[in-house]
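Student: Hi! Could you walk me through this protein? I'd like to ask a few quick things as we go.

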Amino acid sequence: MRGVRVIFEGSGRPLNVSVPWYSRVRLFWGKLRRAYLVYLRPGYVRESLKRRGGECARTGACCHLSFSCPMIRWLERRPVCRIYEHRPRSCTTFPIDERDLRDRDILFPEASCGFHFLSPEDARQASEENRRLETVSHP
């Protein structure tokens, strides 16, 4: 069976990505999973986002998971969201966890997302260290 073709310009250059049908199913499932987590499991999302580090590299790959967002446009070869100030929660919290990064990498593995996740143990240690530093600096 042939893959679905996606046109993507996230790196500042046009890119054709052939995505097999089973990867499209995985991307669609990921979209459903994120909607479920954001609206029905906000506690999980809060805890997971505490482990997230880095910042968005503005590749636009997340705007093309399972379908291309109609609110994305390209200015000077960079993605710009037309409703950035009013984005849905599934956009503002992306990536929720490591699974989202793996989904994103299906479409555009060549460019880093910019986000990463600490292991739960490393996140706990970092949180304890931050608490300790706040106690020392604010007696």
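Student: Let's start with Trp21. Does Trp21 count as buried, exposed or partly exposed, and why?

Tutor: Keep in mind that this is a predicted model. Trp21 counts as partly exposed because its relative accessibility is 47%, and partly exposed covers the range between under 20% (buried) and over 50% (exposed).

Student: Okay, and which helix is Trp21 in?

Tutor: Trp21 belongs to helix α1, which covers residues 21–40.

Student: Which residues form a nonpolar patch with Trp21 on the surface?

Tutor: Tyr22 and Val25 do. Together the three have about 360 Å² of accessible area.

Student: New topic: cysteines! How many disulfides are there?

Tutor: The count is zero. For Cys56, the nearest cysteine sulfur belongs to Cys62 and is 5.9 Å away.

Student: Last one, Arg58. Where is Arg58?

Tutor: Arg58 sits in the loop between β3 (52–54) and β4 (72–75). With a relative accessible area of 37%, Arg58 is partly exposed.

Student: What lies 2.8 Å from a polar atom of the Arg58 side chain?

Tutor: The backbone oxygen of Pro79 does. There is also Ala111: it is 53 residues from Arg58 along the chain, and their C-alpha atoms are separated by 10.0 Å.

Student: Great, thanks!

Key. Residues are numbered from 1 along each chain as its sequence is written. This is a predicted model: local features need pLDDT of at least 70, side-chain atom pairs count only at pLDDT 80 or more; totals for chains, interfaces and linings use all residues. Side-chain values use heavy atoms; hydrogens and water are left out. Patches are made of residues with over 30% relative accessible area and no salt bridge: like charges are joined within 9 Å, nonpolar side chains (Val, Leu, Ile, Met, Phe, Trp, Tyr) within 5 Å. Accessible areas come from the Shrake-Rupley method with a 1.4 Å probe; for residues, only the protein chains shown count as cover. A salt bridge is a side-chain nitrogen of Lys or Arg within 4 Å of a carboxyl oxygen of Asp or Glu. Helices (H or I, at least four residues) and strands (E, at least two) are DSSP runs, numbered from the N terminus. Buried means under 20% relative accessible area, exposed over 50%, partly exposed in between (1.4 Å probe, protein chains only). A polar contact is a pair of N or O atoms within 3.5 Å; within protein, one must be able to donate a hydrogen and the other to accept it, and residues adjacent in sequence count only if both atoms are side-chain atoms. A disulfide is a pair of cysteine sulfur atoms within 2.5 Å.
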